[in-house]
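Got your viewer open and a selection tool handy? Load the model below and follow along, one stop at a time.

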Amino acid sequence: MKKLLSRRMLAWIMTLCLCAGCVSFAGATQTQSSDFDVLVPFMDLVASAAMTAGDEPEVIGDEETTLSTTFISAFFNNGLTADTSLGINAELLADTNQQSVYLGKYFSAQLPTLEKIAQTTPINGYIGFQPVNVDATDNNAVQIIGEVYWGTKPMRNMQEADFHDIQWMDRAIFTFREDASAQNGYRLTGFSTGSELNMEGAMQTYTDSILVEYINTSLGFSILYPSLFTDDMLVENNDGVSASLPDGSAKFFVRRTDNTSSANLDDYISVIANGIPGAKSNVQAEFSSGTVTYDTEDGNTVFDVYIVTDKYIYQAELSYKQSLASTYSMYTSYLDNSFSVDDVSVG
């Protein structure tokens, strides 16, 4: 049985796992990440506008392109509830001169004929961008790669409980160029989400640096796991593989056991979830899989994904300290998405 997402898509969708929630960009390379922390509220707003402006995520280009009127409308409307440091208010929506000045401080792209913008209903929740890697490029430019998310509030303001509701929407790449005349010293020359083929090479490099694929041909399963679990931490046995960080803050295992009771997926997930106080479960019948999530009394969050077939029950588990939810919350959805087995029989 193989899940419907491609292996490449499953790879990129896990890419933020190592660093989500860090105050500075934890994956920074070739440049100082703290230099770009000031850009996070702006990147949040660009991502929010790009994801809500139309049916497909908006692509932002350099000076050879023009911003769309739908993006500009979403940018200023979403900006009304964005970080106050951005200084967007209702007056900007009605004044095209102010719009022009404001946009000119941030974007390289040309502006269309600007018009007064009708105020719309605020979006539900908060859409933001979580940076992971910072890479210096040629011509005083920098690429910031990470993930777009939906939550109840910005990640930097979240408490442990807020991470239970976070949803990860897409990968994205920002490109900035140093410019003394721009706000915060950097001008946006590009933004696109993971669906853009022209960014495939950069994203694949980014993915390969932080993920490892584990394939067990004898047990018939494969999974992607974060490379912070190094090879020397892996322990293999007849049932599968496990690993734990030296400080005990996170661990995972993947294993296969016999389906001796001929359990079906729904009943198996129900029995497990009902036996654990406060557990949340979800059954994905099309994948013959289900998940169970719960918190333990000793302060850990545990996420399990089960695949049930006629012969076997496959289980992948990730557990981590609740206090590190900002770092590890993404692992849960993506552990689920990358877990696949060869047995196509459905239990």
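**Stop one: a salt-bridge network**

Select Asp-44, Asp-83 and Arg-156: these residues are linked in a network of salt bridges. A salt bridge here is a side-chain nitrogen of Lys or Arg within 4 Å of a carboxyl oxygen of Asp or Glu. Before going on, note that this is a predicted model, where local features need pLDDT of at least 70 and side-chain atom pairs count only at pLDDT 80 or more, while totals for chains, interfaces and linings use all residues. Residues are numbered from 1 along each chain as its sequence is written, and side-chain values use heavy atoms, with hydrogens and water left out.

Now zoom in on Asp-44 and Arg-156. Their closest N and O atoms are 2.9 Å apart.

Are the two partners buried or exposed? Buried means under 20% relative accessible area, exposed means over 50%, and partly exposed is in between (1.4 Å probe, protein chains only). Asp-44 is buried, at 0%, whereas Arg-156 is partly exposed, at 39%.

**Stop two: two other pairs**

By the same cut-off, the count comes to five salt bridges. Pick Asp-162 and Lys-153 next: their closest N and O atoms are 3.4 Å apart. Asp-162 is buried, with a relative accessible area of 15%, and Lys-153 is partly exposed at 29%.

Then select Asp-179 and Arg-187, whose side chains meet in a salt bridge at 2.8 Å, N to O. Arg-187 is buried, with 9% relative accessible area.

**Stop three: the sheet**

Switch to cartoon view and find the open sheet of four strands, ordered E1-E2-E3-E4 with antiparallel pairing. Strands E1 (126-136) and E4 (186-193) stand at the edges with a single partner strand each, so one side of each has no neighbour in the sheet. On average, neighbouring strands are turned by 30° against each other, direction ignored.

Two strands count as paired if DSSP finds at least two bridges between them; E1 and E2 pair over 10 bridges.

Finally, bring H2 back into view. H2 packs on the sheet, touching E1, E2, E3 and E4, where contact means heavy atoms within 4.5 Å. The direction of H2 makes about 120° with that of E1; axes are lines fitted to C-alpha atoms, for helices over the stretch in contact, and angles run from 0 to 180 degrees between N-to-C directions.

Definitions and conventions
Helix = DSSP H or I, 4+ residues; strand = E, 2+ residues; numbered from the N terminus.
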